[in-house]
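Thanks, everyone. Please have a look at it first.

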Amino acid sequence: APLAFEGVVTSSDGEAVELEVTEWLKGGDADSVVLEAPSGMEALIGGVEFAEGESYLITAYDGTVSYCGFSGPATAELRAAFAEAFAG
């Protein structure tokens, strides 16, 4: 993935989620990121249940978040996978 980061949700309204970036693992330098679902694609935001104050690991290709196993709550298992994938 060309973009990978860990962030904490600061707001979520069902169509957009804002995360404060705590660590860029690859490809970025912004302090915060907003994830938006294009019209008709709102179900993708629901693919990961974002909760304010919780930490998430996110990957993206060409501006699209990779939901299928490559983004989600920052569990020990996902952190280990990210550490391996983005080492060095």
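This is a predicted model, so keep that in mind throughout. The largest nonpolar core has 13 residues. Those with the most contacts inside that core are Leu19, Leu35, Phe50, Tyr56 and Ile58.

Where does this core come from? Two or more residues each are given by β1 (3-12), β2 (16-26), β3 (32-36) and β4. Of the elements, β2 gives the most, with 3 residues.

There is also a second, separate core, made of 6 residues. Among them are Leu57, Ala74, Leu78 and Phe82. As background, nonpolar side chains in soluble globular proteins tend to be buried together.

Now the chain as a whole. Starting from the N terminus, its elements run β-β-β-α-β-β-β-α, which gives 2 helices and 6 strands. The chain has 88 residues, and 33% of them count as buried.

Last item, Asp62. This residue sits in the loop between β4 (55-61) and β5 (64-65). Is Asp62 buried or exposed? Its relative accessibility is 80%, and the cut-off for exposed is over 50%, so Asp62 counts as exposed.

That is what I have; comments are welcome.

Technical notes
Residues are numbered from 1 along each chain as its sequence is written. This is a predicted model: local features need pLDDT of at least 70, side-chain atom pairs count only at pLDDT 80 or more; totals for chains, interfaces and linings use all residues. Side-chain values use heavy atoms; hydrogens and water are left out. Helices (H or I, at least four residues) and strands (E, at least two) are DSSP runs, numbered from the N terminus. Buried means under 20% relative accessible area, exposed over 50%, partly exposed in between (1.4 Å probe, protein chains only). A nonpolar core is a set of buried Ala, Val, Leu, Ile, Met, Phe, Trp, Tyr and Cys residues joined through side-chain atoms within 4.5 Å.
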